[in-house]
Amino acid sequence: MYVLEKNNCKNEETKETKSTEDVEEVKVSCEETEGETENVTDINDKIEEKKLKDEIADMNDKYQRLQAEYANYRRRTNEEKETIGIFANQKIMSELIPVIDNMERALDSNSDKESQVYKGVELVHKQLLDALAKFGLSEIEAEGCDFDPNVHQAVMQENIEGVEPNKVVMVLQKGYKLNDKVVRATMVKVSC
């Protein structure tokens with residue numbers, strides 16, 4: 001509509017008019033329509049620019065969310081891999097714990113601490129414990145500690161003078177943890 005009016009103004013300028021007042025009116029009306037078309041063009045440009053800015057902001061938001069989701073995904077998969085690796089060892093550890101117990105029984109039953117057999121079994125026992133410790137196996141401390149049903153299994157109770165109730169007074173079988181998970185609870189005697 002405005003473009004047509006602009007063209008009409010040009011046509012009107014080219015027409016010969018009889019009075020100078022008519023010519024001035026035509027010039028004024030042409031200038032008004034040209035200003036209006038510039039305003040309309042500016043408004044359209046601003047609207048388009050705002051749409052583009054909104055689109056860019058939306059795309060940036062989507063990109064940042066996607067980046068955060070991917071970072072969380074990587075973190076979760078790494079944690080799962082570590083957990084799977086740790087607890088895959090649990091089965092092997094629980095199979096080797098009786099071997100440790102038997103080695104300790106062999107060491108306790110031998111009265112000659114200077115014999116070559118004793119020193120050999122002691123060395124193998126230490127190497128086995130060190131190797132398992134590298135993979136997260138550790139002994140649960142019990143003697144003299146407060147009784148904790150999460151890591152201790154009470155099989156006996158005894159009233160002992162001078163000892164507070166619920167204290168572990170004797171370890172009957174050692175317990176082990178794999179990192180923070182109990183593989184075997186410590187069998188203990190508790191004071192009452």
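Colleague: How many disulfides does a search of the whole structure find?

Modeller: This is a predicted model, in which local features need pLDDT of at least 70, side-chain atom pairs count only at pLDDT 80 or more, and totals for chains, interfaces and linings use all residues. Residues are numbered from 1 along each chain as its sequence is written, and side-chain values use heavy atoms, with hydrogens and water left out. A disulfide is a pair of cysteine sulfur atoms within 2.5 Å. For the whole structure, the number of disulfides found is zero.

Colleague: Is Cys192 buried, partly exposed or exposed?

Modeller: Buried means under 20% relative accessible area, exposed means over 50%, and partly exposed lies in between (1.4 Å probe, protein chains only). The relative accessibility of Cys192 is 41%. Cys192 is therefore partly exposed.

Colleague: In what order do the elements of the chain run from the N terminus?

Modeller: Helices (H or I, at least four residues) and strands (E, at least two) are DSSP runs, numbered from the N terminus. The chain has three helices and six strands. Their order is α-α-α-β-β-β-β-β-β.

Colleague: What percentage of the residues of the chain count as buried?

Modeller: The chain exposes about 14800 Å², and carbon and sulfur atoms supply 51% of that area. These accessible areas come from the Shrake-Rupley method with a 1.4 Å probe; for residues, only the protein chains shown count as cover. Of the 192 residues, the buried ones make up 19%.

Colleague: What share of the contacts with a separation of 6 or more comes from residues 24 or more positions apart?

Modeller: A contact means heavy atoms within 4.5 Å. Among contacts in the chain with a separation of 6 or more, the share from residues 24 or more positions apart is 59%.

Colleague: Which elements give two or more residues to the nonpolar patch?

Modeller: Like charges are joined within 9 Å, and nonpolar side chains (Val, Leu, Ile, Met, Phe, Trp, Tyr) within 5 Å. Here Val155, Met156, Met170 and Leu172 form the patch on the surface, with about 320 Å² of accessible area together. The elements that give two or more residues are strand E2 (152–158) and strand E3 (168–173).

Colleague: Where is Asn179 found?

Modeller: Asn179 is not a glycine, yet its phi is positive, about 55°. Its relative accessible area is 34%, so Asn179 counts as partly exposed. Asn179 is found in the loop between strand E4 (176–178) and strand E5 (181–184).

Colleague: By about how much of the helix are Asp54 and Lys50 separated?

Modeller: Asp54 and Lys50 form a salt bridge, with the closest N and O atoms 3.6 Å apart. Lys50 is exposed at 52% relative accessible area, while Asp54 is partly exposed at 44%. Because the two are four residues apart in helix H2 (residues 20–109), their separation is about one helical turn.

Colleague: How many residues apart in sequence are the parts that Asp146 and Lys167 tie together?

Modeller: Asp146 forms a salt bridge with Lys167, the closest N and O atoms being 2.9 Å apart. Asp146 lies in the loop between strand E1 (137–139) and E2, and Lys167 in the loop between E2 and E3, so the parts tied together are apart in sequence by 21 residues.

Colleague: Which residues do salt bridges that share partners join into one network?

Modeller: The structure holds 12 salt bridges. Those that share partners join into one network Glu104, Glu139 and Lys174.

Note on methods: Patches are made of residues with over 30% relative accessible area and no salt bridge: like charges are joined within 9 Å, nonpolar side chains (Val, Leu, Ile, Met, Phe, Trp, Tyr) within 5 Å. A salt bridge is a side-chain nitrogen of Lys or Arg within 4 Å of a carboxyl oxygen of Asp or Glu.
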